[in-house]
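Hello,

Here is the structure we talked about handing over. Please open it alongside this note.

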Amino acid sequence: MKRTIKKVAVIGSGVMGSRIACHFANIGVQALLLDIVPKELRDDEAKKGLILTDKAVRNRIVNEALAGAVKSNPSPIYNKAFLSRIATGNLEDDIAGVATCDWIIEVVSENPAVKKIVFDQLEKVRKPGTLITSNTSGIPLHMLAAGRGDDFQKNFCGTHFFNPPRYLKLLEIIPTPKTDPEVVDFLMHYGDLHLGKTTVLCKDTPAFIANRVGVYGIMALFHLVEKMGLTVEEVDKLTGPALGRPKSATFRTCDVVGLDTLVNVAGGLKANVPNDEAKALFELPKYVAKMAENKWLGDKTGQGFYKKVKSKEGKSEIQALDLNTLEYKPSQKVKFATLEAAKMVDSLTDRMKVLVGGKDKAGDFYRTSFIGLFAYVSNRIPEISDEVYRIDDAMRAGFGWQLGPFETWDAIGVQASIDMMEKAGTKPAAWVYDMLKKGCTSFYKIENGTRKYYDIPSGTYKVIPGTEAFLLLDNFRANKTVWKNAGVTITDIGDGILNAEFHTKMNSIGGEVIQGINKAVELAEKDFRGLVISNEGDNFSAGANVALIFTMAIEQDWEELDMAIRTFQNTNMRLRYSSIPVVVAPHNLALGGGCEMSMHSDKVQLHAETYMGLVEFGVGLIPGGGGTKEMAVRLSDSFTEGDVELPMLREKFLTIGMAKVSTSAFEAFDLGYLRKGIDEVTMNRSRLLTDAKASAIRIAEEGYTQPIKRTNIKVLGKQGLGMVYVGADVMLQGHYMSEHDKKISLKLGYVICGGDLSAPTLVSEQYLLDLEREAFMSLCGEKKTLERIQSILTGGKILRN
């Protein structure tokens, strides 16, 4: 059966339902969001003269839920314009609309009786063949499907999204024994390709995969903390980025999610996994039980493991809970020798050995934690999964771990970890010993550029299903590196395409990166047919190396600074005018120089979660790597005969002048950083390099012709500058900007307008680059600019809007 999803019905508009509807709207699918009808009129509605039969009242629950979701931070919607794809209604007046939908997703409260009532209603109106799924986080799916018609059961499945659906990649797919295999295959593929998810096939077991392992990990840690006498701050320091986990670590994450949620899931597991060897850990430690009793549930109640208070001076202060006295105290800084040693190791896989090898309390903590985790996940096979990779995928995508449990085990060493476990009186499952006896010493291996997993039934390594389309640089570097320096690695990724990746801190752009990009173009022009610029770091690039600029400006090494800026401009122009197609594939942060590099490519193939912007104004500068010039070029290209050009100039000027950063890839089109009809968005981060490479090949095969440098850029001269000057004066007089901000604004306007030309004129790109560089250099000499840069460098802030 060929399925096309044009419209979905989301039943239940709570925290999850409204956000799931938003995410379908994000990908261009119409959504019908339905909820119950209010039983009583509110006072504010009565004052307006409304009655219970009015549509505004009957749709109050769904409309307020959606409005609340849209106002939340971070936003569930890529672009406010996408909200037009969501229609709202109620389960009495609008239930018939479900018949027009291709997929129905139930997201009502976690109560089997409530879900049964909803399914009774839906079964009467859904058309045969329509997908119907439940977002339950733990109710057995076979129980929900029981008693339903054959067509319902054939098309029924669990689809467990993680909150927030836009940002957390995991989508667990849970079939029942009667689910059609075609439905499972479709959901696995659709979730990956269109929703941008890591889809994980789960068995219908309590809490499925991610929550089963994740809640075990948290509950085991709760007990370990009590046993080792660790503080809240110590645990969060040990279980955060040092371990390849989110900054919110453990206790802060509990505060965000809500302790009650964790307590409920742990209680459910305790009741439903009688044969789990670690079931005793699902009992609440006394301090957790007391917190739940006191309603210290985290952010939702104003206090949990942390609490924000006002100091005597009126400043906000974060306090941490003392787990022994249950009193709050000022949060303390944490230091362990093991963590200090681990700081020196950039590679997370290499860092794992340092962590478990620690001789202090931190080392003891890591060894004890890993011993328990490794034993637990090995014993969950085949209960919750038949394959190791599904457990790793679930933990990476659902809990934000950079390495899943089996990947962590590999990093430490399978045999070394078993030795550690046995020394502590623990053993993994028998199949791990069998694996080693077969000469297989790791759970994963890379073979001919392809990552494979150990398949337990066959005792051999197999390709991870569904990953054949994923290109991972980790799989190429060992045998396909063509050239590298301290900041860039150039890799042959096949089919005549090179990839250049950055690996500096925050992937900032400095001398090594610029050298590497030029080398990549040189090599591609000589022996290849295209170049992709992408990397697998946390961010594509946070921008130029500001510390380097600061140093040259402080030392007044103006010739060196001029050369550095000129070289970066020339490098971006070389990308634009090379003889081979250049595709830049940004993700997450693409700021400043990272944005400028993207804007000079033949095509940008970017991940949906890309936050792009020219943010130099924030440090007292203007974009100096061709970004200001490029905005002037795009402004010129947008002019058509009869246009009123000044409003269009104002829009581009304010984009740079307000250091606007897109909140998604789609918003980057609206801000002018991307070109409609040329640049494209990839939903799944894992597919980004694959899509970028395909774009480079397609452009090459269509007959790529080296572009000719532009000399026909229309600038407005004094006509535009007049608007800039008046606007800056008004902002200064209204106290909306400082004298220094006005100076930056005038420099920016001067470049975009092409200087003080007496009339609109056609100029070359090089003319604009020279103006841009001159303005950038002059601002580098300003005391206020240097103070701003120094403040950012010492404060460790990232330039964001």
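Is L168 buried or exposed, or does L168 fall in between? L168 is partly exposed, because its relative accessible area is 23%. (Buried means under 20% relative accessible area, exposed means over 50%, and partly exposed is in between, with a 1.4 Å probe and protein chains only.)

Some ground rules. This is a predicted model; local features need pLDDT of at least 70, side-chain atom pairs count only at pLDDT 80 or more, and totals for chains, interfaces and linings use all residues. Residues are numbered from 1 along each chain as its sequence is written, and side-chain values use heavy atoms, with hydrogens and water left out.

**Around L168**

L168 sits in the loop between β6 (156-161) and β7 (170-175). (Helices, H or I of at least four residues, and strands, E of at least two, are DSSP runs numbered from the N terminus.) Leaving aside neighbours within four places in sequence, L168 contacts F162, N163, K197, A397 and G398. (Contact means heavy atoms within 4.5 Å.) L168 and F399 are 231 residues apart in sequence, yet 8.1 Å apart in space, C-alpha to C-alpha.

**A three-stranded sheet**

Three strands form an open sheet in the order β9-β10-β11, with antiparallel pairing. (Two strands pair if DSSP finds at least two bridges between them.) β9 (306-310) and β11 (328-330) are the edge strands, each pairing on one side only. β9 pairs with β10 (residues 316-321) over five bridges, in the antiparallel sense.

**Aromatic rings**

How many aromatic pairs does the structure hold? There are 27. (Rings of Phe, Tyr and Trp, the last by its six-membered ring, pair if their centres lie within 6.5 Å; planes under 30 degrees apart are stacked, over 60 edge-to-face, and the rest tilted.)

Y78 and F666 are stacked, because their ring centres are 5.1 Å apart and their planes are at 25°. Y78 lies in the loop between α4 (60-71) and β3 (86-90) and F666 in helix α28 (residues 665-670), so the pair ties together parts 588 residues apart in sequence. Y78 is buried, with a relative accessible area of 3%.

F365 and Y366 are edge-to-face, because their centres are 5.6 Å apart and their planes are at 70°. Both F365 and Y366 are buried. Ring pairs link F365, Y366, F370, F374, F406, W409, W431 and F443 into a cluster.

Best wishes
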